[in-house]
Amino acid sequence: MKRTIAPGIVVLLAASLPLAVQADVAADVQQQCGGCHALSHDYASQDISERAQRKGPPLDYAGNKFQRDWLATWLEKPVRIRPAGIFPPARVSQGPNGDVVDPATLPAHPAVPAAQAAAIADYLMTLTPRNDLIKAETWQPGTIAERMGKMNFGKFKGCDGCHQDEPGVGGVSGPELYTAWRRLQPAFISSYIADPVAWDAHSMMPRGDSNSDAVHKLADYLKVIGEKQP
Amino acid sequence: MRTLLLLPLLLLGAMAQAADHGEALYQVYCVQCHGVQGNGKGVNAAHMSVQPRDHTDTQEMSARTDEELFKVIQQGGKSINKSVLMPTWGGNLSDDDIRALVAHLRRMCCTKQ
């Protein structure tokens, strides 16, 4: 009898181990990341002033947003994605020609050891409260002539007012988009372009009036430029 | 009689409250291009082919009606034959929010403090 029970206990313990580890990582993420990143939010019911208080982007829907491998690599070696930080007005000083980003005010994201970065990325990928938005997405990643895509991105849609589509080219208040294809899930890219407010009630990105074809053209362009990145 | 005297004060108070809300919205949605000081020199301006409007320019701003300002915020620059770089904010902001922004613009451009 003992012989049969003992292996059973071992199997049960082994099966519950990942859950225990995940619980540890969840607590770790709450402690290490929760100070700057929302791990749950209800921005829609909050006053607009909350937007200025954010120290980092919300992570509560990270599993609907990021590419897991990119996330793990980035946590290990973080590089700046938002040239003017999460809330640009707090990061500017007055230059002779107007507002300029003051690099001294931009906090650096701490680097995380590889094993911890992998564990955090795995945990964050389990946070998928917006599967509804992802499932509603219809974009089938395609291609577009880069020159046409760039013209659409800049001249026709004005995205370059806030975003860079190549290093140093374009506005600085939004995240750079030349690595968007590497870091974001395809469905998230298209869904967020179409309706950023559905993801974040206080998104600083305008919810435009583009139809899905126009949105998909922009998403195709981000794929084309993203695939060029090392 | 007392009510009649209080009415303008109440209206002024409500307008100031709207403008305060508009100022908070302006900080989130507008300063990136129009500048922290509203002078059209935000952090993105240097990268733009068309320079953002200077909201402190009394003469320029006085030439625009409140309805035009409301429309351009709600429906973007294209709606008044201006640049696509001015986005449509009607999907992010309620009509009341946009009216508050217009009140803030009026206070910024045309009320000397």
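Let's start with chain A: 34% of its 230 residues count as buried. Keep in mind that this is a predicted model. Laid along its principal axes, the set of C-alpha atoms in chain A fills a box of roughly 80 × 40 × 40 Å. Inside chain A you'll find 11 helices and 4 strands. How do the contacts in chain A run along the sequence? Take those between residues at least 6 apart in sequence: 68% of them join residues at least 24 apart.

Now let's zoom in on some helices. Two packed helices are described by the angle between their axes and the distance between the axes. The crossing of H4(A) past H5(A) is right-handed.

Which residues make the contact? From H4(A) come A:Arg68, A:Leu71, A:Ala72, A:Leu75 and A:Glu76, while H5(A) brings A:Ala114, A:Ala117, A:Ala118, A:Ile120, A:Ala121 and A:Leu124. Sort the residues of this contact between H4(A) and H5(A) by type and you get 9 nonpolar, no polar and 2 charged.

Where do its buried residues sit around the axis? The buried residues of H4(A) are A:Leu71, A:Ala72, A:Trp74 and A:Leu75. They span an arc of only 165° around the axis, so they lie on the same side of H4(A). Here is some background that helps: an α-helix has 3.6 residues a turn, so residues three or four places apart point the same way. And what covers the buried residues of H4(A)? H5 of chain A is included in that cover.

Next, let's look at helix H11 (residues 212-227) of chain A, starting with its packing against helix H7 (residues 146-156) of chain A. The axes of H7(A) and H11(A) come within 9 Å and cross at roughly 125°, and therefore the two helices are oblique to each other. H7(A) passes H11(A) in a left-handed crossing. On the H7(A) side you'll see A:Glu146, A:Gly149, A:Asn152 and A:Phe153, which meet A:Lys217, A:Leu218, A:Asp220, A:Tyr221, A:Val224 and A:Ile225 of H11(A).

Is the crossing of H9(A) and H11(A) left-handed or right-handed? It is right-handed. A:Ile189, A:Ser190, A:Ile193 and A:Ala194 of H9(A) make the contact with A:Ser212, A:Val215, A:His216, A:Leu218, A:Ala219 and A:Leu222 of H11(A). By type, the residues in the contact of H9(A) with H11(A) are 7 nonpolar, 3 polar and no charged.

Finally, step back and bring in chain B. There, 26 residues of chain B are in contact with 29 residues of chain A. On the chain B side, the elements giving two or more residues are helix H1 (2-29) and helix H2 (31-34) of chain B. H1(B) gives the most, with 5 residues. The side of chain B that touches chain A divides into 15 nonpolar, 10 polar and 1 charged residues.

How values were computed: Residues numbered from 1 in each chain as written. Chains lettered and ligands numbered in written order. Predicted model: local features only at pLDDT ≥ 70, side-chain atom pairs only at ≥ 80, totals over all residues. Left-handed = near helix turned anticlockwise from the far one by under 90°. Contact = placed C-beta atoms within 7 Å. Nonpolar A, V, L, I, M, F, W, Y, C, P; charged D, E, K, R; others polar. Axes fitted to C-alpha atoms, helices over the stretch in contact; angles between N-to-C directions. Parallel < 35°, antiparallel > 145°, perpendicular 65-115°, else oblique. Buried ≥ 20, exposed ≤ 12 C-beta atoms within 10 Å, placed from the backbone. Arc of directions from axis to C-beta.
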